[in-house]
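This report describes the fold of a chain, its nonpolar core and the packing of selected helices. The sequence and the structure are shown first.

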Number of protein chains: 2
Amino acid sequence: MARKSGSHGEITGPRILAAAERLIARKGFAAVTMREIAREVGVQAGALYLYIPDKQTLLFDLMRRHMEELLAAWEAEPKGETPLEQLEAFARFHIRFHLARPDATFISYMELRNLEPENFARIEALRKRYEDILEGILKEGSAAGVFRVPDTKLATMALIAMLTGVNTWYREGGRLSRERVERIYWNMVRRAVKG
Amino acid sequence: MARKSGSHGEITGPRILAAAERLIARKGFAAVTMREIAREVGVQAGALYLYIPDKQTLLFDLMRRHMEELLAAWEAEPKGETPLEQLEAFARFHIRFHLARPDATFISYMELRNLEPENFARIEALRKRYEDILEGILKEGSAAGVFRVPDTKLATMALIAMLTGVNTWYREGGRLSRERVERIYWNMVRRAVKG
């Protein structure tokens, strides 16, 4: 039987997270109130508290969802066989995934300091899992003599920072297509680590 | 004649900026009040307003000072002659300058969205001047056939993001010295653009 719509029935987790994401990306976590988020969802603040205990939980949920989607999307990505093919897949995937989610990406980097210690540790563990994917590719390629990387940990951090940086300047409809940006960045990544 | 010390005489621009920088880096611009900054300086809020009209001016002053120091420090840096020597000087300088100023660097990236439009435009113009230095080196090296860079603008953004990223993970007393980090990053930069 279909569920009846009503003032509470209309609030859903995804709608709350979407509203919170927009507001936090625009104004910053510290400046956003639960009341504003409720207004953005279109409900009373009291109704919001039935779904989300507090702002900290909301921030943690946003960042965890972002990281879990990132890891799941990479799992689903066609990756190729060789370390070189995998590195290309990773570089292009990283740019594509983050350009499609500017608000979530922005929050993930900007609001880390606002996570409480236990939440911070859980997000850091998810980030570490993602970094380990790239480091694994670099290690495999180094062992095979395809890459020459004196420190795979540093190269991992360097390449992720470089690739995520696209989000700070890329504008849709600007002079370069996403495909062209992916290609140019992949070329720099490849040359930075090649053996 | 020596100036007498007193409750007002003891507030100076640099002390206010230093206190504001510490607080804003730790808590975020939106969460910090002029009252807290006054407490950190050790004066009444009223005394602070004699020196700084508002929080926006404080944020702008911090970001402008950071960019002006960056540009002045690069001017004073020994740069070498060839594009390759200049690129090495730039890569090492960028890492060294920003690692020495973690709070100012953090604020410069995190709080851009909190600048009012006119202030934002002025900071952007200073950032552009800095980016133009690196792009100039890449263009010169490309023209000389030393570098192979299909898009000097993109390479500039990619390299600056990579180099600034060191600030997000480097810890003093960790497994790598600054010199070793500089060397490894310079190597990746060189290989990413070499002809």
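Along its sequence, chain A of this predicted model follows the pattern α-α-α-α-α-α-α-α-α-α. Its secondary structure amounts to 10 helices and zero strands. Taken along the principal axes, the box filled by the C-alpha atoms of chain A is roughly 60 × 40 × 40 Å. Of the 195 residues in chain A, 51% are buried. Among the contacts in chain A with a separation of 6 or more, 68% are accounted for by residues 24 or more positions apart.

**Nonpolar core**

The largest nonpolar core comprises 78 residues. Those with the most contacts inside this core are L87(A), Y185(A), L87(B) and Y185(B). When residues up to four places away in sequence are not counted, L87(A) touches L134(A), I137(A), L138(A), F147(A), W186(A), V189(A) and V193(A).

**Helix packing**

Two packed helices are described by the angle between their axes and the distance between the axes.

| Helix pair | Axes come within | Crossing angle |
|---|---|---|
| α8(A), residues 152-164, and α8(B), residues 152-164 | 7 Å | roughly 135 degrees |
| α4(B), residues 55-76, and α7(B), residues 117-143 | 10 Å | roughly 15 degrees |

The axes of α8(A) and α8(B) cross at roughly 135 degrees. That angle makes α8(A) oblique to α8(B). The crossing in which α8(A) passes α8(B) is right-handed. On the side of chain A, the residues that meet α8(B) are A158(A), L159(A), A161(A) and M162(A); their counterparts in α8(B) are A158(B), L159(B), A161(B) and M162(B). By residue class, this contact of α8(A) with α8(B) consists of eight nonpolar, no polar and no charged residues.

Within chain B, the axes of α4(B) and α7(B) cross at roughly 15 degrees. Angles under 35 degrees count as roughly parallel, and α4(B) and α7(B) are therefore roughly parallel to each other. Their crossing is left-handed. From α4(B), the contact draws on Q56(B), F60(B), M63(B), R64(B), M67(B), E68(B), L70(B), L71(B) and W74(B). These meet N119(B), R122(B), I123(B), L126(B), R127(B), R129(B), Y130(B), I133(B) and I137(B) in α7(B). The residues of the contact of α4(B) with α7(B) divide into 11 nonpolar, two polar and five charged.

Key. Residues numbered from 1 in each chain as written. Chains lettered and ligands numbered in written order. Predicted model: local features only at pLDDT ≥ 70, side-chain atom pairs only at ≥ 80, totals over all residues. Heavy atoms only, no water. Axes fitted to C-alpha atoms, helices over the stretch in contact; angles between N-to-C directions. Helix = DSSP H or I, 4+ residues; strand = E, 2+ residues; numbered from the N terminus. Parallel < 35°, antiparallel > 145°, perpendicular 65-115°, else oblique. Left-handed = near helix turned anticlockwise from the far one by under 90°. Contact = heavy atoms within 4.5 Å. Nonpolar A, V, L, I, M, F, W, Y, C, P; charged D, E, K, R; others polar. Core = buried A, V, L, I, M, F, W, Y, C linked by side-chain atoms within 4.5 Å. Buried < 20%, exposed > 50% of the residue type's maximum accessible area, 1.4 Å probe, protein only.
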